[in-house]
Amino acid sequence: MVGLSAGEKHFIQGGIAQDLRTDGRKRLDFRPISVETGIIPQASGSARVRIGATDVIASVKAELGKPNASQPDKGKVSVHIDCSATAEPAFEGRGGEELSAELSVSLQRCLLGGKSGSGAGINLSSLIIVEGKVCWDLYIDGLVVSSDGNLLDALGAAIKSALSNTGIPKVQVAVGASGDEQPEVDVSDEEFLQFDTSSVPIIVTLTKIGRHYIVDATADEESLMSSAVSISINRRGQICGLTKRGGAGLDPSVILDMISVAKHVSEQLMSKLDSEIAAAEAMEEDS
Amino acid sequence: MEVDRADGRTANQLRPLACSRNVLNRAHGSASWSQGDTKVLAAVYGPKAGTKKNENPEKACIEVIWRTKSGQNGKAEKEYEMILKRTLQSICVLTVYPNTTTSIIIQVVHDDGALLPCAVNAACAALTDAGIPLKHLAVAICCCVADGGYVMLDPTMLEEQNMKAFAYLVFPNATMCVLSDAATLVDGEPKEHGVITSVTHGAMAVDEYLLCLERGRAATAKLSDFLRRSLQSQVPSGQLESA
Amino acid sequence: MAGKTPTTYSPSPRLKSKPAKNDAYDSVRPDGRGFAQCRPAFMRTGAVNSASGSAYAEFGNTKVIVSVFGPRESKKAMMYSDLGRLNCNVSYTTFASPSRAQGSDHKEFSTMLHKALEGAIILETFPKTTVDVFALILESGGGDLPVVISCASLALADAGIMMYDLVVSASLSCLGPNLVIDPINEEESREDGNLMISCMPSRNEVTQLIITGEWSTPKINEAMRLCLDACTKLSTITRTCLKDAASSTQD
Amino acid sequence: MGLPDAAGDLSSEMEVDAFRRLFPLRFHERHLAESIRPDGRPVGGARDTSLALGAVGSSDGSALAKIGSTTMLAAVKMEVMTPLSESPEEGCIAIEFHMPPICSPLVRPGRPADAAPVVAKQLNDTIVSSGMINLKELSLVSGKAAWMAYLDIYCLDADGALFDAALLSAVAALSHLRIPQVSLNDDGRVVVVSEEGEEKIDREPVNKEKRKLNLTNIPFSLTCVLHKGYILADPTAEEESIMGTLVTVALDSSDQLVSLYKPGGPVLAHTSVLKDCVELTKKRTVELQKILAEAISDMDLE
């Protein structure tokens with residue numbers, strides 16, 4: 001991690017206090033976002049998102065599986081994030097393991113919502129083929145290629161674009177499969193039905209430095225963070241997940257107006273991301 | 001009540017003993033010990049610097065590594081390792097090489113009953129071969145108790161399994177010393193009657209256990225002088241068939 | 001019983017999940033409590049005397065033991081740091097939950113416990129050393145993490161670790177329109193959303209907040225208000241428990 | 001603190017706990033000279049023992065045993081298994097001893113304590129060789145279904161004599177065990193007959209009468225420490241670590257010697273010493289049987 005001298009720290013904090021950050025952005029501005037979809041051919045859906053210098057790749061693989069016994073009418077989704085050593089020397093060997101476990105858990109929490117399935121970004125019941133016997137298993141893998149802060153938002157956006165690029169093959173179930181043995185299922189590889197990602201939330205992380213909080217913090221700003229709140233908000237403005245990271249305590253009222261700010265910022269980010277995805281899809285069609 | 005044994009031995013007769021020392025050239029000390037078909041190879045890697053975590057640096061530390069013939073180390077092997085470590089700790093002079101670790105590797109070549117006693121004897125022979133300072137040697141024997149309360153020594157695997165109970169006993173070996181007998185008595189009993197280690201399996205009456213102690217002590221006299229003869233012989237790796 | 005133990009299954013019937021959307025949410029909960037009523041809390045310090053500080057907590061039938069091993073030298077691999085370190089570990093017993101295989105999420109609990117306590121402990125008072133906080137969940141009756149966090153802060157106080165304030169934690173489930181405080185296993189398995197807050201009551205600071213499921217902002221406000229006053233009630237119980245422990249050692 | 005002129009009266013100037021930490025062996029030996037121990041017990045006296053049955057709700061049988069401050073929690077969970085081909089009539093018992101990191105400063109999370117598998121093996125040998133459980137009682141439908149009893153023992157506080165407390169809690173948990181009523185449903189799976197409502201009346205329970213295991217000759221044990229001719233019963237962790245020679249004698253109710261376990265140690269155990277240990281264990285077994293009987297009787301009152 002780049003070491004910051006006391007002078008630099010003071011400089012960054014002073015800047016934020018006057019709503020002017022080192023790279024010229026205001027407190028609530030995002031860095032330029034660029035999205036590419038369909039970059040991994042053998043995955044069902046994939047996307048690469050670059051926010052400033054942070055660069056992440058997400059891929060979605062759909063495979064046939066058996067629903068677990070406690071929820072026979074729902075498919076399964078598993079999120080796994082991997083921090084490659086190219087992003088930071090600290091991620092070498094097992095260094096990045098703790099951070100990637102933490103990222104996987106918060107992403108899983110934001111995507112799957114409550115136990116009864118409400119607020120889930122992905123509608124698990126739509127993944128069912130034969131109740132109790134065969135369903136789709138979605139394996140979502142994220143890879144951090146280069147890290148300059150704000151990993152969670154970048155991964156959230158990458159997963160949302162990868163899901164919108166995902167095609168689930170159409171499936172015929174052989175009739176007459178009685179009893180409890182696995183029914184015969186054939187998967188056609190031409191027609192794909194598009195995955196509906198309307199309710200997939202996006203994640204906005206607000207980092208508190210001194211008395212103010214900023215959006216889309218770079219690695220330097222993150223090293224000054226006293227605490228951070230990541231809020232995932234879906235298109236309808238509902239909050240689908242919230243995690244307060246970082247050590248120092250926060251006053252409840254501060255958290256509440258952080259939530260309102262995040263809702264306001266997420267609308268801009270949502271529209272920007274949708275246009276980027278549409279552009280990437282269009283660019284992918286004609287290439 | 002004479003119970004004949006499958007291999008025709010009498011109750012107190014041990015299986016043929018064989019001990020050869022200095023069988024491995026890289027180890028500081030090594031010995032192979034076999035009682036009948038049970039054969040164990042022990043290697044000692046001399047006092048190495050440093051002790052393991054939470055071990056007492058003022059004393060030497062003994063580390064036992066048990067290699068089974070095949071497969072993984074289960075709970076039984078862990079227990080053997082702990083018992084062997086405690087037994088050897090009580091016979092080694094730990095204060096001579098403080099802050100060092102002596103590792104003893106036990107490789108089971110073949111197991112046909114009474115495995116732990118055979119390992120103890122092999123470890124003692126290997127320690128003497130490596131020249132580690134010892135207070136006295138340890139001699140181990142397995143006595144099993146038949147249903148009628150009848151005690152037999154050095155059972156094979158088969159006998160061990162279908163007998164009511166069995167006990168592994170470890171005694172210090174008989175010392176020949178110039179002091180008069182009275183001096184070596186410890187509260188009325190000769191020193192070598194003290195039990196270093198005792199592990200029993202299966203239920204038996206208390207006096208059956210005391211009978212095992214008697215028989216075991218009688219057998220250790222024979223074992224001790226076999227051990228002494230095999231150690232004294234100039235040719236360290238001579239195969240000496242027991243009496 | 002040699003060799004691989006044969007695979008076994010538990011004969012108890014699968015927890016038949018009640019129809020998820022029974023609209024008429026009965027106003028009384030399965031165990032007879034009101035919506036804003038917490039489970040009876042029993043806490044005691046000094047449960048493990050070979051630890052430098054320990055506590056036992058029983059909320060309804062969630063039973064937890066936490067033991068703290070006072071500032072001791074950290075693992076050799078750690079670099080020098082002039083701030084003390086906190087090392088947390090939460091584990092379940094095999095019989096904690098009805099089905100044996102459960103309890104896989106306790107790795108996640110360890111990091112959450114670490115984040116909840118991190119803000120409250122004055123790390124500068126024990127530089128270069130580590131404070132180990134180990135928790136064992138004896139029986140899991142629902143809402144396990146909040147009980148572990150409150151019990152851990154009590155154990156830290158018992159061990160004499162300098163803290164800004166005691167950390168207490170409460171969780172709340174949203175079942176359809178109702179906000180249900182301190183949920184039990186059954187309610188948690190069919191909740192639409194969950195809010196868990198851990199805070200320092202006298203400083204009115206939130207050290208950790210985790211929300212899952214779909215929430216609107218007004219609902220979050222009300223849920224946080226409910227949780228915070230449950231925390232203040234809980235903190236009075238914790239303080240009285242500490243006072244009794246201190247007074248009993250004097251006389 | 002004056003210069004220690006003579007080694008003898010060094011202790012008079014230092015306060016007691018500094019002396020205890022610096023010279024633990026001499027501290028204990030001064031107590032033994034007056035044949036008492038630092039916590040006031042006589043040399044042969046055991047610590048006060050308490051037993052609480054039914055400590056864990058989510059298991060079929062459980063018990064919390066406390067000997068002094070050594071605390072053990074044992075719980076039994078019953079699961080159904082298909083019996084092994086060579087013993088179709090018999091169920092099975094799996095005994096597991098855990099030392100979680102909360103019980104002692106020496107245990108680190110992730111790496112199991114090295115004493116744990118040894119105590120687990122000892123427990124397994126003692127319970128199996130005492131023949132206290134007749135595995136045939138665990139059978140449901142011969143050849144098709146049988147009980148697998150998972151007995152898990154957790155050490156909540158390790159302060160010496162772990163084996164005694166573990167064995168006591170295991171035995172108490174097994175005597176508190178209540179086997180759930182089960183019946184075979186249509187596709188051959190064993191399902192608990194839920195007490196409140198009999199869904200299908202036609203399936204009569206398979207094991208109506210067997211509700212409790214009858215345990216014959218229950219084993220109890222006592223650990224003693226041998227030191228310079230003294231036999232200290234029921235040592236604390238400190239005494240165990242200073243005086244290294246431990247002898248654990250396990251007797252069952254008909255005074256059969258289930259196990260005599262002496263893993264090495266500097267002091268040699270002569271026959272007379274072993275006899276005294278067995279006598280102490282006999283007295284201790286009577287005490288423990290009384291405690292267990294009380295615990296079971298007031299548990300039946302509930």
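This note goes through a predicted model chain by chain and contact by contact.

1. **Ground rules.** Residues are numbered from 1 along each chain as its sequence is written, while chains are lettered from A and ligands numbered from 1 in the order in which they are written. The model is predicted, so local features need pLDDT of at least 70 and side-chain atom pairs count only at pLDDT 80 or more, whereas totals for chains, interfaces and linings use all residues.

2. **Chain D overall.** Chain D has seven helices and twelve strands. Both are DSSP runs numbered from the N terminus: helices are H or I with at least four residues, strands are E with at least two. Of the 302 residues in chain D, 49% are buried. A residue is buried if 20 or more other C-beta atoms lie within 10 Å of its own, exposed if 12 or fewer, and partly exposed in between, with C-beta atoms placed from the backbone. Take the contacts in chain D between residues at least 6 apart in sequence: 67% of them join residues at least 24 apart. Two residues are in contact if their C-beta atoms, placed from the backbone, lie within 7 Å.

3. **A helix pair in chain D.** Two packed helices are described by the angle between their axes and the distance between the axes. For α5(D), residues 162-176, and α7(D), the angle is about 35° and the axes are 11 Å apart. Axes are lines fitted to C-alpha atoms, for helices over the stretch in contact, and angles run from 0 to 180 degrees between N-to-C directions. The crossing is right-handed. From α5(D), the contact takes Leu168(D), Val171(D), Ala172(D), Ser175(D) and His176(D). From α7(D) come Leu288(D), Leu292(D), Ala295(D), Ile296(D) and Met299(D). Eight of these residues are nonpolar, two are polar and none is charged. The classes are: Ala, Val, Leu, Ile, Met, Phe, Trp, Tyr, Cys and Pro nonpolar; Asp, Glu, Lys and Arg charged; the others, Gly among them, polar.

4. **His31(D).** This residue lies in helix α3(D), residues 24-33. His31(D) is partly exposed, with 15 other C-beta atoms within 10 Å. Neighbours within four places in sequence aside, His31(D) is in contact with Ile36(D), Arg37(D) and Pro38(D). His176(D) is 145 residues away in sequence and 40 Å away in space, C-alpha to C-alpha.

5. **Chain D against chain B.** Here 27 residues of chain D are in contact with 33 residues of chain B. On the chain D side, the elements giving two or more residues are α4 (115-130), β12 (257-261) and α7 (271-301). The most come from α4(D), with seven residues. This side of chain D divides into 14 nonpolar, nine polar and four charged residues.

6. **Chain C against chain D.** This contact takes 30 residues from chain C and 37 from chain D. On the chain C side, β3 (62-73), β4 and β5 (129-139) each supply at least two residues. β5(C) gives the most, with four residues. The chain C side has 15 nonpolar, 13 polar and two charged residues.

7. **The sheet in chain C.** Five strands of chain C form an open, mixed sheet in the order β1-β2-β3-β5-β4. Strands β1 (41-45) and β4 (85-92) of chain C stand at the edges with a single partner each, so one side of each has no neighbour in the sheet. Neighbouring strands are turned by 15° against each other on average, direction ignored. β1(C) and β2(C), residues 53-59, pair in the antiparallel sense over five bridges. Strands pair if DSSP finds at least two bridges between them. Met43(C) of chain C stands opposite Ala57(C) in β2(C).

8. An unreviewed UniProt entry annotates "domain: Exoribonuclease phosphorolytic" over residues 37-161 and 165-226 of chain C. Such annotations may be inferred rather than shown by experiment, and their positions are given in the numbering used here, with feature names shortened. Residues 165-226 of chain C are 24% helix and 50% strand, with end C-alpha atoms 20 Å apart.

9. **Two backbone points in chain B.** Ala114(B) has a positive phi of about 50° although it is not a glycine. Ala114(B) sits in the loop between β5 (100-110) and α2 (115-130) of chain B, and is buried, with 28 other C-beta atoms within 10 Å. Asp154(B), also not a glycine, has a positive phi of about 50°. Its loop runs between β7 (151-153) and α3 (157-162) of chain B. Asp154(B) is buried, with 25 other C-beta atoms within 10 Å.

Terms used. Left-handed = near helix turned anticlockwise from the far one by under 90°.
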